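This briefing covers a predicted model. The points below are grouped by topic.

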Amino acid sequence: MTDPRPLNLAVVGAGRMGRLHALSCAVTPDVRLCAVVDTVPARAREVAAISNAGARIETYPSVAALLARHRDLDCAVVALPVADHAPT
C-alpha cells in the first residue's frame, strides 16, 4: 500500500541547480515543494515564487531554521556548489 500523503521536500540552495530542482519538484506528482533555503533571502523567495504551483512555499536563511520550523519535512535536495559541501 502506498502512502497517499505527498512527499514534503525542501530545496537547499537557490542557485542554478537549486532552481532546476525546485521547478522539477513543483510539477512532480506526489511531491510537495514546501521550502527553499538560501543564505540570500531574495534568491530563496525568487525560486519559491517561480516554483509555486498554487501552494505556499516557505523560505529560510539556513538549514537550522528550516529544521526548527518544518517538522513534517520528509527529504531535501541539497543543491550547493561543491566548494560549499562539508569536508569528508
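Asparagine 8 is in contact with Arg32, Cys34, Asp72, Leu73, Asp74 and Cys75, leaving aside its neighbours within four places in sequence. Asparagine 8 belongs to strand E1, and with a relative accessibility of 6% it counts as buried, the cut-off being under 20%. The strand around it is also covered: five of the six residues of E1 are buried, so E1 is largely enclosed by the rest of the structure.

**The sheet**

- Four strands make up an open sheet, arranged in the order E3-E2-E1-E4 with parallel pairing.
- Strand E3 (58-60) and strand E4 (75-78) form the edges, and each of them pairs on one side only.
- In general, the strands of a sheet pair through backbone hydrogen bonds, in either a parallel or an antiparallel manner.

**Pairing of E1 with E4 and E2**

- Strand E1 (residues 7-12) pairs with E4 in the parallel sense, and the pairing spans four bridges.
- E1 also runs parallel to E2, to which it is joined by six bridges.
- Alanine 10 stands opposite alanine 76 in E4, and its bridge partner in E2 is alanine 35.
- Valine 11 has valine 36 as its bridge partner in E2.
- E2 is mostly covered too, with five of its seven residues buried.

- Aspartate 30 sits in the loop between H1 and E2.
- Although aspartate 30 is not a glycine, it has a positive phi of about 70°.
- The relative accessible area of aspartate 30 is 62%, and the cut-off for exposed is over 50%, so this residue is exposed.
- Valine 31 is located in strand E2 and counts as partly exposed because its relative accessibility is 21%.
- Not counting residues up to four places away in sequence, valine 31 touches Pro6, Leu7, Leu9 and Cys25.
- Valine 31 and proline 6 lie 25 residues apart in sequence, and their C-alpha atoms are 5.1 Å apart in space.
- Arginine 5 is found in the segment before E1, and its relative accessible area of 41% makes it partly exposed.
- A C-alpha separation of 8.9 Å is found between arginine 5 and valine 31, which are 26 residues apart along the chain.
- Apart from neighbours within four places in sequence, arginine 5 is in contact with Asp72 and Asp74; both of these aspartates are also among the contacts of asparagine 8.

**Helices on the sheet**

- H1 lies across E1, strand E2 (31-37) and E4, and runs at about 165° to E1.
- H2 packs on the sheet as well, where it touches E2 and E3.
- The direction of H2 makes about 160° with that of E2.

**Helix against helix**

- Helix H1 (residues 16-26) packs with helix H2 (residues 41-51) at an angle of about 30°, and their axes are 9 Å apart.
- Angles under 35 degrees count as roughly parallel, and H1 and H2 are therefore roughly parallel to each other.
- The crossing of the two helices, H1 and H2, is right-handed.
- On the H1 side, Arg19, Ala22, Leu23 and Ala26 take part in the contact, and they meet Glu46, Val47, Ile50 and Ser51 in H2.
- By class, this contact of H1 with H2 has five nonpolar residues, one polar residue and two charged residues.

Terms used:
Residues are numbered from 1 along each chain as its sequence is written. This is a predicted model: local features need pLDDT of at least 70, side-chain atom pairs count only at pLDDT 80 or more; totals for chains, interfaces and linings use all residues. Side-chain values use heavy atoms; hydrogens and water are left out. Axes are lines fitted to C-alpha atoms, for helices over the stretch in contact, and angles run from 0 to 180 degrees between N-to-C directions. Angles under 35 degrees count as roughly parallel, over 145 as roughly antiparallel, 65 to 115 as roughly perpendicular and the rest as oblique. A crossing is left-handed if the near helix is turned anticlockwise from the far one by less than a right angle, and right-handed if clockwise. Contact means heavy atoms within 4.5 Å. Ala, Val, Leu, Ile, Met, Phe, Trp, Tyr, Cys and Pro count as nonpolar, Asp, Glu, Lys and Arg as charged, and the others, Gly among them, as polar. Two strands pair if DSSP finds at least two bridges between them. Buried means under 20% relative accessible area, exposed over 50%, partly exposed in between (1.4 Å probe, protein chains only).
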